[in-house]
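This briefing sets out the architecture and selected side-chain contacts of one protein model. Please read the points below alongside the sequence and the coordinates.

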Amino acid sequence: MKKIEAIIRKTKFEDVKEALLAADIEWFSYYDVRGEGKMRQARIYRGVMYDTSCIERILINVVVRDKNVEKTLFAIQQAAYTGEIGDGRIFVIPIEDAVRIRTAERGDIALYNAEQEK
């Protein structure tokens with residue numbers, strides 16, 4: 001099992017969500033986050049200077065079985081891509097175990113409904 005964390009542009013969230021659903025990744029969580037990037041610049045709007053170094057992004061968390069890692073990465077990368085600086089990052093983190101609280105199932109079986117695969 002792997003945990004995939006993706007930090008993406010807010011404007012690309014709907015595209016990424018649709019891509020994940022199309023790849024049969026039906027459960028993920030997401031959060032509004034802020035971060036600091038390399039680009040340090042100020043923008044002037046109507047005579048007022050704004051610091052744009054603090055960037056608003058979306059952080060997506062999803063835990064998938066090993067067989068679904070590549071298709072999940074591909075879906076996020078393709079949907080979040082603009083070709084410009086600031087498209088984001090994807091991190092893949094190993095997961096030791098998972099437990100479904102309701103049934104006490106452990107391992108990757110806890111990530112999906114076995115009844116649906118029959």
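This is a predicted model: local features need pLDDT of at least 70, side-chain atom pairs count only at pLDDT 80 or more; totals for chains, interfaces and linings use all residues.

The axes of helices α1 and α2 cross at roughly 150 degrees and come within 8 Å. An angle over 145 degrees counts as roughly antiparallel, so α1 is roughly antiparallel to α2. The contact between the two helices involves Asp15, Val16, Ala19 and Leu20 on the α1 side, and Thr72, Ala75, Ile76, Ala79 and Ala80 on the α2 side. The crossing of α1 past α2 is right-handed.

**Overall composition**

- The protein contains 2 helices and 6 strands.
- Read from the N terminus, these elements follow the order β-α-β-β-β-β-α-β.
- Of the 118 residues in the protein, 31% are buried.
- Among contacts with a separation of 6 or more, 71% are between residues 24 or more positions apart.

**The sheet**

- An open sheet is formed by 4 strands in the order β2-β5-β1-β6, with antiparallel pairing.
- Strands β2 (29–36) and β6 (88–94) are the edge strands, each pairing on one side only.
- On average, and with direction ignored, neighbouring strands of this sheet are turned by 25 degrees against each other.
- Strands of a sheet pair through backbone hydrogen bonds, in either a parallel or an antiparallel arrangement.
- Strand β1 (residues 2–9) runs antiparallel to β6, and 7 bridges join the two.
- Within this pairing, Lys2 is placed opposite Pro94 of β6.
- Strand β1 is also joined to β5, by 8 bridges, and these two strands likewise run antiparallel.
- Arg9 stands opposite Arg57, which belongs to β5.

**Helices on the sheet**

- Helix α1 (residues 13–22) lies across β1, β2 and β5 (54–64), and runs at about 10 degrees to β5.
- Helix α2 (residues 69–80) packs on the sheet and touches β1, β5 and β6.
- The direction of α2 makes about 0 degrees with that of β1.

- With a relative accessible area of 26%, Val33 is partly exposed; the buried class requires a value under 20%.
- Which residues does Val33 contact, leaving aside its neighbours within four places in sequence? They are Ile55, Glu56, Arg57, Ile58 and Leu59.
- The C-alpha atoms of Val33 and Ile58 are 5.7 Å apart in space, although the two residues are 25 residues apart in sequence.

**Salt bridges**

- How many salt bridges does a search of the whole structure find? The search finds 11.
- Asp66 and Lys2 form a salt bridge through their side chains, at 3.7 Å from N to O.
- Asp66 is located in the loop between β5 and α2, and Lys2 in strand β1, so this pair ties together parts of the protein that are 64 residues apart in sequence.
- Both partners are partly exposed: the relative accessible area is 48% for Asp66 and 26% for Lys2.
- A salt bridge also links Lys3 to Glu5, with 3.2 Å between the closest N and O atoms.
- Lys3 is partly exposed, at a relative accessible area of 24%.
- In another salt bridge, between Glu14 and Lys17, the closest N and O atoms are 3.3 Å apart.
- Glu14 and Lys17 both belong to helix α1 and are 3 residues apart, which is about one turn of the helix.
- Glu14 is partly exposed, with a relative accessible area of 44%, and Lys17 counts as partly exposed at 25% relative accessibility.

Methods. Residues are numbered from 1 along each chain as its sequence is written. Side-chain values use heavy atoms; hydrogens and water are left out. Two strands pair if DSSP finds at least two bridges between them. Axes are lines fitted to C-alpha atoms, for helices over the stretch in contact, and angles run from 0 to 180 degrees between N-to-C directions. Contact means heavy atoms within 4.5 Å. Buried means under 20% relative accessible area, exposed over 50%, partly exposed in between (1.4 Å probe, protein chains only). A salt bridge is a side-chain nitrogen of Lys or Arg within 4 Å of a carboxyl oxygen of Asp or Glu. Angles under 35 degrees count as roughly parallel, over 145 as roughly antiparallel, 65 to 115 as roughly perpendicular and the rest as oblique. A crossing is left-handed if the near helix is turned anticlockwise from the far one by less than a right angle, and right-handed if clockwise.
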